[in-house]
Amino acid sequence: MKNILKYLASCAALAIVASAHVACSEEEGADIQGATTPIVYLNSGMASDLGYHTFVYSVTHTPGSALTSGFEVKVPVKVSLKTTSEIRATLSVDNSLIASYNQARDASCKEVPQSSMQIENTSLTIPAGTYISTDSVKVTIPVEALSTMKDDDGYLIPVKISSVTGAVLSATENRFFIRIDIINNNINASAANNSVTGTMIATAGKTTWVATPDKAPTTQTNNATMLFDGVTSTAGRWVGSFYDISVTVTIDMQQVYNNITALYCYGAASGWTFRYSSDGVTWKMLGVTTKAYNSTSAANIIFYSPISARYVRFTVPATANANTPGGMRSSVSVYEYSIYTTN
């Protein structure tokens, strides 16, 4: 799920990031290639995702900002061979497919309420002598509905061909998915570093804190205990490189702190995803950084609203690196970590 190719387009003030509405892949399934009988299929979507095509939309909800648009997806049906008579296909939303999708991708996507979306043109016709339907099924979520969709687990709309007349239905390419990733952003990137409120937990209060990456670094300088030693020079910096994959570092502060107004994370970079939890089981989105926090005078990640947490974790994405085997690497380079609280 994390490796799905995304065609991205921003919508001002809201950060809706979305795929294109038209076919992005022309690869055909095994039962279509070389077919000697007409087979009806779908191959529109952003990329092949474990055998099925998926559109991915990323929606960011930020306090004080309103979404300005919803989205729609249009997908035609196709046939492998021309026929002398028309072909009809009926499509429908099938939420029973969500469980298997989640299991295969270790996800927890939720069902989109029927009242929040519109599906039109569910009966499509491929005219005789052609390869593609004259119209497309259209799935729309208006901005009013999208504004209420705030579950951190995201949402999924599975659409499948439920019946075909005049041809055979593909066994492998008979559905597509629309996945809506939700980011509930509580990071105020525009806040001045000195506008932070509360008191920072000092080094003496962090002696039992633990930072644990979810995989061993390929190379590292120092180790993750350096995040809590109070040293903000290079000598106190943890540098870890993780080849070919993203890394998630979980910080256990050993107790629940209330009214946390900001993190002090000297070395955090743009594009890091932060989450928090009180029990280490249920996690909530804190936000995604959009700038670097790369000096002692610019290391405060300030929140719109205070949180309560024992655990904080950050995920560093893998990026292209020509000098790394496999061509991808995630890198952590953090000098110091703490929190501010008004308690």
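These questions and answers cover salt bridges in a predicted model. Local features need pLDDT of at least 70, side-chain atom pairs count only at pLDDT 80 or more, and totals for chains, interfaces and linings use all residues. Residues are numbered from 1 along each chain as its sequence is written, and side-chain values use heavy atoms, with hydrogens and water left out.

Me: How many salt bridges does a search of the whole structure find?
Reply: Side chains of opposite charge can pair when their charged atoms come close. A salt bridge here is a side-chain nitrogen of Lys or Arg within 4 Å of a carboxyl oxygen of Asp or Glu. Searching the whole structure gives a total of 10.

Me: Is Arg 179 buried or exposed?
Reply: Arg 179 forms a salt bridge with Asp 181, with the closest N and O atoms 2.9 Å apart. Buried means under 20% relative accessible area, exposed over 50%, and partly exposed in between (1.4 Å probe, protein chains only). Arg 179 has 2% relative accessibility, so Arg 179 counts as buried.

Me: Which strand holds Arg 310?
Reply: The side chains of Asp 252 and Arg 310 meet in a salt bridge at 2.8 Å, N to O. The pair links distant parts of the chain, 58 residues apart. Strands (E, at least two residues) are DSSP runs, numbered from the N terminus. Asp 252 lies in strand β20 (residues 247-266), and Arg 310 in strand β23 (residues 300-316).

Me: What is the relative accessible area of Arg 88?
Reply: Arg 88 meets Glu 86 in a salt bridge of 3.1 Å, N to O. Glu 86 is partly exposed, at 38%. Arg 88 is also partly exposed, and its relative accessible area is 40%.

Conventions. Helix = DSSP H or I, 4+ residues; strand = E, 2+ residues; numbered from the N terminus.
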